[in-house]
Amino acid sequence: MNTQLETFHYDNKMPRLFAMATIFWGAVGMLLGVVIACQLVFPALNLDLSFLTYGRVRPVHTNAVIFAFVGNGIFTAIYYSLPRLLKTSMWSQRLSKIHFWGWQTIIVLAAVTLLAGFTTGKEYAELEWPIDILITLIWVVFGINMFGTILTRRERHLYVAIWFYIASWVTVAMLHIVNSMEFPVSLFKSYSWYAGVQDALVQWWYGHNAVAFFLTTPYLGLMYYFLPKAAERPVYSYRLSIVHFWSLIFIYIWAGPHHLLYTALPEWAQSLGTAFSIMLILPSWGGMLNGLFTLRGAWDKVREDPVLKFFVVAVTCYGMSTFEGPMMSLKSVNAISHYSDWTVAHVHIGALGWNGFLTFGMMYWLIPKIYKTELFSKKLASTHFWIGTLGIILYAIPMYWSAFRSYFMMKSFTPEGQLQYQFMDIVQTVMPFYALRALGGLIYLTGVIIMIYNLVKTAKKGSFVESEQAQAAPLEKNYIAAKTAFWHSIIERKPVLLLTLSLILVGIGGLVELVPTFLIKSNVPTIASVKPYTPLELQGRDIYIREGCYNCHSQMVRPFRYEVMRFGDYSKAGEFVYDHPFQWGSKRTGPDLARVGGKYPDSWHFNHLLEPSSVSPGSNMPRYPWLFETPIDMASTNSKIHAMRKMGVPYADGYEAIANEDLKKQAEQINTNLKGDKIAIPSDREIISLIAYLQRLGKDVRTSSTVKK
Amino acid sequence: MKKSNLLRYRLIASLLMLIMPLLSTGQTDQNAPVATANKALVPFDIDTALFFIAVTLAFVILILVGLLRSAIKFHFNSKKWNDTMKFLLPGIMITMSYQLSNAQQSIPAAKGSAPFIFSTQGWFMLIVIVIELYVLFSITKWLKQFTGIQTFESGIVKKSQANLWDKINAFKPMESEASIDVGHDYDGIRELDNITPPWFVAAFAGTILFAAVYLYRYHVAYSAPSQIKEYEIAVKEAELRKLEDLKSQANFVDENTVTLLKEGEYEEGKTIFKATCAVCHGNNGQGLVGPNMTDDYWIHGGSIKDIFTTIKYGVLDKGMKSWKDDYSPNQIAQLASYIKSLRGTNPPDQKAPQGDLYKEVPAPVAADTTKMKTDSSKTNKR
């Protein structure tokens with residue numbers, strides 16, 4: 001009946017383009033990583049240029065590695081494997097091109113705007129609203145192209161790799177849209193729709209699941225295609241695939257709050273984060289087991305084949321991080337790891353080991369394939385493997401070490417009950433480890449450069465196959481499943497059902513955590529003395545966000561004796577109700593700033609931002625000379641106040657019109673204070689507003705309790 | 001060849017035995033921190049963390065030892081190892097274990113005060129971890145050697161009886177793979193229908209149970225403390241410890257008992273001044289952001305008690321922070337005395353005088369001090 005075979009083509013041009021983009025952005029992202037690692041050791045490397053300071057470059061590094069390197073890696077894998085797994089061509093060559101060029105445009109725009117200081121201040125979602133919209137559009141283009149391909153397939157059942165592609169696509173769409181809800185103030189400035197605790201929860205629900213559904217699940221799909229291909233072995237267990245796919249996507253989405261343990265987030269949400277993180281271990285390991293056990297009987301090949309070597313280490317690193325992650329979600333361990341270099345080590349085991357090595361393995365397999373030749377040098381590939389491994393080790397170990405050292409120093413008391421070490425002592429102690437870490441990164445990058453050379457040579461040696469012809473019969477119209485077929489195969493032949501089920505499953509966790517935090521008042525007890533920021537402070541806060549201060553400074557004192565003594569009383573949920581966006585931070589390279597207001601005189605902050613080492617010797621903070629030259633953007637005050645009021649910040653009606661008068665008054669006051677300390681600066685400079693903001697931090701609560709007592 | 005193998009086996013046996021006492025001492029050791037933690041209702045402690053690392057490593061070692069055992073068994077089977085050796089080995093193991101467990105006992109005895117920030121238990125656990133790491137390293141090395149002689153790909157392994165690794169994972173023999181092929185073919189990728197490893201299912205169930213108990217304890221039974229409670233307990237404990245410590249300290253000083261120290265007694269004060277105070281008050285106390293310390297004018301009083309108070313509680317409104325959490329009473333006393341010693345040193349670049357002229361008359365100042373004290377303690381409580 002249907003023996004008539006149809007002829008069609010597998011395109012290799014798009015995978016090749018995406019592969020080149022992957023490698024290019026990977027090298028750029030890693031280079032930026034090395035640069036910022038060096039900046040932490042030698043602050044002079046910030047060169048006193050606004051667009052080269054750590055606070056602005058670090059988001060470019062993270063975004064480049066996640067969305068440019070891994071993002072393009074995902075697309076390479078999908079554009080190569082999806083048509084082959086479905087016996088069809090990609091649905092639309094035009095959409096493929098729009099997708100490719102659109103995504104690269106986003107990356108370039110992202111890099112330029114982030115360096116220019118346009119940022120929303122939310123980690124891994126820093127891009128401003130016009131780019132957010134562009135991302136949504138391109139993501140939809142990608143989705144249409146993917147689903148068009150799936151719906152015109154010649155293979156009835158979807159392979160496990162495609163389940164992961166579908167779930168990743170729909171979840172990333174959901175996460176991006178919900179977390180990017182922002183109120184535009186101007187073309188390149190917006191405020192997060194959510195404030196304080198809610199913003200934190202949404203952000204880490206997003207942040208954690210960006211790791212899950214951007215760095216993990218699509219790469220599991222990638223693994224499920226390329227690993228059995230390279231090993232020429234059958235996938236170990238179909239059943240395990242089913243179990244770990246569904247449990248993984250369902251449980252992953254809940255775990256976000258483990259980024260906020262011991263913070264002002266309601267404790268029930270924290271506990272859900274911990275509980276689900278622990279339950280996540282085995283679903284994650286399912287992927288590792290299926291990968292490693294697939295190699296059963298192929299271990300002799302692993303010794304010879306660099307592709308498989310990369311895959312083995314990648315999958316092992318995946319297993320390590322997915323065990324380490326849940327451990328770090330235990331409260332007691334999190335007390336050590338949070339805000340520390342441990343988290344940095346953890347993500348880099350994942351990024352360098354899992355994503356990096358899987359990508360490299362894929363490239364060493366794919367490029368010779370599409371150029372119809374052998375790899376130029378297996379030996380160089382093996383060298384890359386060893387150099388890369390060494391790089392990871394040299395990166396991770398110093399970070400773990402520094403995390404533990406600083407933790408012990410942070411919490412050690414003298415017998416009299418005083419803190420034994422100043423924060424600066426800790427900064428000084430970890431410096432050598434930071435230097436080693438930069439070296440580890442550099443070594444890893446060297447490996448990538450060796451790979452580029454090897455792949456270019458391979459391409460030169462072979463000849464590029466633009467497309468491959470294939471034949472397959474179309475799907476029969478009236479399909480009757482065999483009676484013995486496993487029930488799950490029903491879902492496998494209904495992609496829309498699979499999509500819907502995935503969305504429902506990932507939706508549950510999000511709804512249960514987010515909705516009560518927004519709706520139930522008791523989750524964020526109000527504090528009467530907490531007032532909206534003055535116009536000057538608001539402008540200062542925007543400068544704080546623009547310069548990426550949150551990359552090194554937290555604003556969240558956890559209820560630990562050693563933190564309260566060092567930074568001030570622990571933070572309460574009600575303090576952050578006007579913080580659009582929240583600025584709790586996730587890493588303390590510098591001290592916490594939640595209660596820095598009033599701790600030092602205005603002139604201290606002035607000197608500190610001009611030349612940090614003048615008032616805190618040994619500091620690795622960069623200098624911010626441009627803040628002393630640029631005037632405050634007073635034209636924006638009106639729309640900023642307006643936007644804030646629209647989001648529920650209680651400024652009086654019509655206040656935006658007179659806000660600049662208050663701003664000037666407060667600026668004059670600070671100017672006078674500075675004059676008292678023999679510092680002369682025009683009162684319209686950005687530094688004045690930043691000082692105003694810093695001096696405000698934590699003050700509301702302080703005055704309130706003094707009044708009460 | 002055989003001789004070196006024997007040596008290897010002996011070593012492995014001894015290492016094996018090394019782990020057992022370690023595990024048991026590890027367990028008894030765990031009781032200590034956990035007991036105190038329970039009392040304190042603080043579930044975390046660095047010792048406990050180290051203990052968990054140690055146990056995890058021990059677990060890994062156990063798995064690897066199982067692997068090693070099968071590897072050795074296989075190795076000797078194929079080498080036709082003679083039976084006499086098999087008979088002898090248990091004897092060797094027993095003697096080794098006896099000696100080593102004895103050696104083990106001596107480690108906890110070697111206490112001594114920890115120069116670093118670890119507790120004795122912490123040190124002990126650290127040693128355990130180091131030994132465990134060493135064992136791990138050795139086991140992997142031997143595993144490689146044993147399996148390296150007869151490589152797995154030759155297929156002999158599969159023919160010999162299923163090893164522990166295979167059993168744990170419920171592996172099907174490679175030959176019967178065809179029987180569990182689900183018949184899928186996706187671009188040449190086939191899929192097998194191996195069962196999910198039993199330990200995987202058990203562990204998954206275990207984590208779900210953990211999650212349920214965790215949520216129950218924190219949010220239904222309230223048998224685990226909230227984070228604020230944890231904090232309060234920690235502070236209370238610290239206060240008690242501090243009190244005890246202060247009682248035992250003969251030279252405890254506060255703003256009421258502080259006296260001017262003689263030259264040579266305040267060396268540490270000088271060091272602290274140069275490191276910390278100089279940032280605002282100038283390297284020679286000439287004043288920068290903060291006031292001049294060398295003239296006769298004082299904003300908050302110039303008696304030794306005043307200065308002690310100002311340092312201890314700070315004057316938050318003027319940018320002087322409280323240093324009582326950073327320095328001990330003794331250190332503050334030395335600092336205050338050093339500052340007094342700066343009077344009249346007349347350094348260059350002096351800041352203009354601020355505050356009131358202070359004359360060395362102790363009586364009226366005392367009243368001032370008490371006022372200051374209440375003021376600042378109020379701001380400090382917040």
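The following legends describe close-up views of a predicted model. Residues are numbered from 1 along each chain as its sequence is written, and chains are lettered from A in the order in which they are written. Local features need pLDDT of at least 70 and side-chain atom pairs count only at pLDDT 80 or more, whereas totals for chains, interfaces and linings use all residues.

**View 1. The two domains of chain A.** Domain 1 of chain A covers 6-460 + 495-513, and domain 2 covers 535-708; such bounds come from an automatic or database domain assignment. The C-alpha centres of domain 1 and domain 2 of chain A lie 33 Å apart. To their contact, domain 1 of chain A contributes 43 residues and domain 2 of chain A 48 residues, two residues being in contact if their C-beta atoms, placed from the backbone, lie within 7 Å.

**View 2. The side of domain 1 of chain A that touches domain 2 of chain A.** Elements that each supply at least two residues include α1 (13-41), β2 (182-186) and α15 (423-461) of chain A. Helices (H or I, at least four residues) and strands (E, at least two) are DSSP runs, numbered from the N terminus. With five residues, α2(A) gives the most to this side.

**View 3. The crossing of helices α20 and α23 of chain A.** The axes of α20 (residues 602-610) and α23 (residues 655-676) of chain A come within 8 Å and cross at roughly 85°; axes are lines fitted to C-alpha atoms, for helices over the stretch in contact, and angles run from 0 to 180 degrees between N-to-C directions. α20(A) and α23(A) are therefore roughly perpendicular to each other (angles of 65 to 115 degrees). A:D602, A:S603 and A:F606 of α20(A) make the contact with A:I670, A:N673 and A:L674 of α23(A).

Note on methods. Parallel < 35°, antiparallel > 145°, perpendicular 65-115°, else oblique.
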